[in-house]
Amino acid sequence: MATPVVTKTAWKLQEIVAHASNVSSLVLGKGSGRLLATGGDDCRVNLWSINKPNCIMSLTGHTSPVESVRLNTPEELIVAGSQSGSIRVWDLEAAKILRTLMGHKANICSLDFHPYGEFVASGSQDTNIKLWDIRRKGCVFRYRGHSQAVRCLRFSPDGKWLASAADDHMVKLWDLTAGKMMSEFTGHTGPVNVVEFHPNEYLLASGSSDRTIRFWDLEKFQVVSCIEGEPGPVRSILFNPDGCCLYSGCQDSLRVYGWEPERCFDVVLVNWGKVADLAICNDQLIGVAFSQSNVSSYVVDLTRVTRTGTVAQDPVQDSRPLAQQPPNPSAPLRRIYERPSTTCSKPQRVKQNSESERRSPSSEDDRDERESRAEIQNAEDYNEIFQPKNSISRTPPRRSEPFPAPLEDDIAPAKEAAKPSPAMDVQSPMPNVCRLEVPPQPPVVSSTPAPKAEPAIIPATRNEPIGLKASDFLPAVKIPQQAELVDEDAMSQIRKGHDTMCVVLTSRHKNLDTVRAVWTTGDIKTSVDSAVAINDLSVVVDLLNIVNQKASLWKLDLCTTVLPQIEKLLQSKYESYVQTGCTSLKLILQRFLPLITDILAAPPSVGVDISREERLHKCRLCYKQLKSINGLVKSKSGLSGRHGSAFRELHLLMASLD
């Protein structure tokens, strides 16, 4: 009878020299669990493929040590913060710098990407938290409330909240739609190093240097349970993808916890020292740790780890295990995050040359371009990971095989003597046995291209006309033998619509001249009224593109005229019209929505105040129009691509109207 082959539950995968000097920060890509980014005192950000010895890419541009790095979920963008307070965003597929964000006055301690990928949150030693729009290179909000360095930031799965942890022993929850703090959680007696949202429920976990993990209910804003007695400061925690348990990377061990009631399901010995980050892929937990210039990666086979049910005896400490308490079946379920539905698995890439967002380059931007480089160290790995050969190579996402587990040390010599015979049943169930599995065959993909559907939205930039064919402009050929046309006949057919097009362009030019004549008088409101009276959306779009470039031109009475036109633009089939409408609506919401709500909520004044009554009337009119647009924005927030991202952003800004 063949001897069972027992493999390890946890093992060290590799150790690399990541930087010429000390490593100061690192992060794992949560999308694949196979990409590692490291920041060092040499001011570089290096990218690695797990279990491969060579660096894929080295990103330069920072002039001080890199103290925080973060990858977005699709692993297309990376953001790094330095000791000087500067933040840089790189596009990994294009291998170039995307944005440089300045504003913090001290070290960048924490970063996180918004789940929709177009915003970045940063926490600093200067105690401030900033929300950045990486498309426009600007700070959207600044949150103040912590009194010491902000060590960790996490967005909620639905993108509406931001959790922050700091050295002041506090955990704070911020409402992104209202731009203010929702709640603060106290109870930790040491610096809070990490926070993590539950993937489904309204639940938040926090780990602290006081060796405790606390779970917070985000509906009642109170503590659910507290796990004490960790062997060291808690620096890395991660929920299981289905939310059944929480993994805690402790000193040389991995612990698996439940929280209602608090209990330890399992403890796995892993000699990783102080683990810095965790990720899960293919039922394997990947952990990374660093010491000086070296980075080590470790693997834990989660199929051999207890994640629910019984309470585990702690092999590290001599303390008695937590008493097992049966879960309470009558405990009410917490709310579940409402994520915007989308069919697109890849967020819209940031474009720097959009018509509505184009800005003239400055000397500072030029200098950043020259000083920031992406040095590709391993072209083969780079092309495999960041340069898909065709547009569907990531649909479905890339699948990676699990890392093979090594044999247990005590039975490794017996492997050669215990080779299975050909007649052995490889599917027979045995505990701790490596089974031989036939790798799944890749799906057969037909080479016949699918019919191209005509897009519902006409893009602003295109190489060919939408819905037009050359044959539509040529006379029908009745006799097959006479298939070739004379040049004169073809040109006469093409010129038939030329006069009509000239009339349309001439009319539009006259309309713009009319609006421009009023604009030169300095009366913006009258010029907008004249553009609306012409009843041509193209003229309105041209005018709004000018007004959007200077936010100070917007006034409350201008909003009453423009909002009905914005509603029409948002329903247009032209991409440029929709984008202009979204930009205008965002400016109105940011500048006037708080004012409108405050005026409408204020008590009535005593006596007669003509100006107040006029302002109140404008606010009521704007509020009514915004309510009408809110339904349209909500219905379109599930779209994919650039439009979906823009509408989801507007939906967050309009949350107070619901």
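Which side chain does a polar contact of 2.7 Å join to that of histidine 104? Keep that one in mind while you look around; the notes below start with the answer. One thing before you dig in: this is a predicted model.

1. **Histidine 104 and its neighbours.** The partner is serine 122: the two side chains are joined by a polar contact of 2.7 Å. To find the spot, look in the loop between β9 and β10 (108-113). Leaving aside residues up to four places away in sequence, histidine 104 touches several others, including Ser84, Gly85, Ile87, Asn128, Lys130 and Trp132.

2. Most residues other than glycine have a negative phi. Now check cysteine 43, where phi is near 70 degrees, and alanine 95, where phi is near 55 degrees. Cysteine 43 sits in the loop between β3 (35-40) and β4 (45-49), while alanine 95 is found in the loop between β8 (87-91) and β9 (96-101). Are they buried or exposed? Cysteine 43 has 18% relative accessibility, so it counts as buried. Alanine 95 is buried as well, with a relative accessible area of 19%.

3. **A cis peptide bond.** Most peptide bonds are trans. The bond from glutamate 260 to proline 261, however, is cis, with omega near 0 degrees. You'll find proline 261 in the loop between β24 (253-259) and β25 (262-269).

4. **A hairpin to trace by eye.** Strands β16 (residues 171-175) and β17 (residues 180-185) run antiparallel and are joined by five bridges. Valine 171 stands opposite phenylalanine 185 of β17. Four residues lie between the two strands of this hairpin, and in the turn glycine 179 has a positive phi of about 70 degrees.

5. **The largest nonpolar core.** Nonpolar side chains tend to be buried together in soluble globular proteins. Here, the largest nonpolar core has 43 residues, and the members that touch the most others are Trp554, Leu563, Leu570, Leu585 and Leu626. Helices α5 (524-534), α6 (537-547), α7 (556-570), α8 (575-601), α9 (610-636) and α10 (641-653) each supply at least two residues of it. Which helix gives the most? That would be α8, with 11 residues. There is also a second, separate core of 29 residues, with Ala163, Leu173, Val194 and Tyr202 among its members.

6. **Leucine 585 up close.** Not counting residues up to four places away in sequence, leucine 585 touches Leu563, Ile566, Leu570, Leu626, Ile629, Val633, Leu650 and Met654.

7. **Helix α7, checked for length and bend.** With 15 residues at 1.5 Å a residue, α7 should span 21 Å, and its end C-alpha atoms are 20 Å apart, so the two agree. There is still a kink of about 40 degrees at valine 562, shortly before proline 564. Why call α7 largely enclosed by the rest of the structure? Because 11 of its 15 residues are buried. Among them are Leu556, Cys559, Thr560, Gln565 and Leu569.

How values were computed: Residues numbered from 1 in each chain as written. Predicted model: local features only at pLDDT ≥ 70, side-chain atom pairs only at ≥ 80, totals over all residues. Heavy atoms only, no water. Core = buried A, V, L, I, M, F, W, Y, C linked by side-chain atoms within 4.5 Å. Buried < 20%, exposed > 50% of the residue type's maximum accessible area, 1.4 Å probe, protein only. Contact = heavy atoms within 4.5 Å. Pairing = 2+ DSSP bridges. Expected span 1.5 Å × (residues − 1). Bend = angle between axes of the 7 residues up to and from the residue. Polar contact = N/O pair within 3.5 Å; in protein donor to acceptor, adjacent residues only side chain to side chain.
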